[in-house]
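I am opening a notebook on this structure and will write down what I look up, entry by entry.

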Amino acid sequence: MRTTTSVTSAPSVRRGARRVAGGSAMEAAARWGLVAYGVVHLLIGALALRMAFGDHGRQADSGGALRELARQPFGGFLVWAVGVGLAGLALWRLTEALLGAARPNGHEPKERLRAAARCAVLAVLSTSAIAFAAGSGGGGSSDEQSRDLTSRVFDLPVGRWLAGALGLAVVGIGVWSVVRALRHAFREELGPVPARLRRAVDALGVAGGVSRGLVFAVAGGFVVQAAVRYDPDEAKGLDDSLRALAGTPAGPWLLAAVALGLMLHGLFLFALARWHRG
């Protein structure tokens, strides 16, 4: 009697992995995470809007958003829900980085790198939210974190040049985010959207993407400035970057516009959770 040995090919393994990544549990985790991420953006935008109209006592970044959420009824549960949701979204982005995404060109190296970067950001946010919910830290100032990170980079060989390069990279990401938003690149991740809502979803995607890109560019510019002056205190996180917008010739109105844009991005993430391309 002859024994047949079955050997599973690498392509079939990858196809099986993609089926797992696209399964109902992973899809539910991704949608939950997108809603959680949308809540964070809504809260940051709301805090920034209050700042534009004179309330400078609260921190307009993810830490401030977590503290604001914790003040609500059932706040502890809500923070846990956001932290776990962001962790699920990070895991989903990791599968996109490793296996490729379902959207067009989702298997290209640049798209996988983009997914990996998103995964890293979400992992940091989810860790901070879960730590905050557990009462073991988290919710710290993004400004302090930015200054601390810049100081550590300065301690490395050619650290000043490395910090400058990182700052320029963040500026580039910001500009790229604006261009992608204006070109409606976010449609690649959307499945069929009802015809009556397409214009509204497009408007949310453009406004949100432009606002986030502008904030990235400002934050990156401050890191470059810190490198030029060799002073880590010049680096700024999200909160101080938003406050800096109020100091421009456009005054608090520019900050208010960006704050509204961040809130609209939160609504876009809700739409993405509902109509994401599977």
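**Entry 1: cavity**

Which element gives the most to the lining of the largest cavity? I looked this up in a predicted model, and the element is H5, with 3 residues.

I then went back to the search itself. Over the whole structure it finds 1 cavity of 30 Å³ or more. The volume of the largest cavity is about 50 Å³. I listed its lining as Val40, Ser62, Leu66, Val82, Leu86, Leu125, Ser128 and Ala129. Two or more of the lining residues come from each of helix H3 (62-70), helix H4 (75-99) and helix H5 (109-133). I sorted the lining by class and got 6 nonpolar residues, 2 polar ones and no charged ones.

**Entry 2: overall fold**

I noted the secondary structure next. The protein chain holds 10 helices and 0 strands, and along the sequence I read the pattern α-α-α-α-α-α-α-α-α-α. Of the 278 residues in the chain, 44% are buried.

Which element gives the most to the largest nonpolar core? I first looked at the members. The core has 48 residues, and those touching the most other members are Tyr37, Leu86, Leu190, Val201, Leu242, Leu255 and Phe268. At least two core residues are supplied by each of helix H2 (24-52), H3, H4, H5, H8, H9 and H10. H2 gives the most, with 12 residues.

I cross-checked two of these names against my other entries. Leu86 is also in the cavity lining, and Phe268 comes back below as a ring partner.

**Entry 3: aromatic pairs**

How many aromatic pairs does a search of the whole structure find? The search gives 3, and I wrote up two of them.

I took Phe154 and Tyr230 to begin with. Their pair is tilted, at 4.9 Å centre to centre and with 35° between the planes. Phe154 belongs to helix H6 (residues 142-154) and Tyr230 to the loop between helix H8 (198-229) and helix H9 (238-245), so the pair ties together parts 76 residues apart in sequence. I looked up the accessibility of both partners. Phe154 counts as buried because its relative accessibility is 8%, under the 20% cut-off. Tyr230, at 46%, counts as partly exposed.

I went on to Phe186 and Phe268, which form an edge-to-face pair: 5.3 Å centre to centre, 75° between the planes. Phe186 sits in the loop between helix H7 (159-182) and H8, and Phe268 in helix H10 (residues 252-275), so this pair ties together parts 82 residues apart in sequence. Phe186 counts as buried at 12% relative accessibility. Phe268 is buried as well, with a relative accessible area of 6%.

**Entry 4: a charge over a ring**

Which residue lies over the face of Phe222? I found Lys236 there, at 5.0 Å from the ring centre.

**Entry 5: positive phi**

His184 has a phi of about 60° and is not a glycine. I place His184 in the loop between H7 and H8. Is His184 buried or partly exposed? With a relative accessible area of 26%, His184 is partly exposed.

Tyr230 has a phi of about 55°, also positive, and is not a glycine either. This is the residue from the tilted pair with Phe154, and its place is the loop between H8 and H9.

**Entry 6: contacts across the sequence**

I looked up two C-alpha distances. His184 and Val206 are 22 residues apart in sequence, and their C-alpha atoms are 6.8 Å apart in space. For Gly75 and Ala133 the separation is 58 residues in sequence and 9.1 Å in space, C-alpha to C-alpha. Gly75 is part of helix H4. At 5% relative accessibility, Gly75 counts as buried.

Definitions and conventions. Residues numbered from 1 in each chain as written. Predicted model: local features only at pLDDT ≥ 70, side-chain atom pairs only at ≥ 80, totals over all residues. Heavy atoms only, no water. 1 Å grid on protein atoms, 1.4 Å probe; cavity = no way out; pocket = protein on both sides within 12 Å on 5 of 7 lines; lining within 4 Å. Points joined across faces, edges and corners; volume = space filled by probe spheres on them. Helix = DSSP H or I, 4+ residues; strand = E, 2+ residues; numbered from the N terminus. Nonpolar A, V, L, I, M, F, W, Y, C, P; charged D, E, K, R; others polar. Phe/Tyr/Trp six-rings, centres within 6.5 Å; stacked < 30°, edge-to-face > 60°. Buried < 20%, exposed > 50% of the residue type's maximum accessible area, 1.4 Å probe, protein only. Lys NZ or Arg CZ within 6 Å of the ring centre and 35° of its normal. Core = buried A, V, L, I, M, F, W, Y, C linked by side-chain atoms within 4.5 Å.
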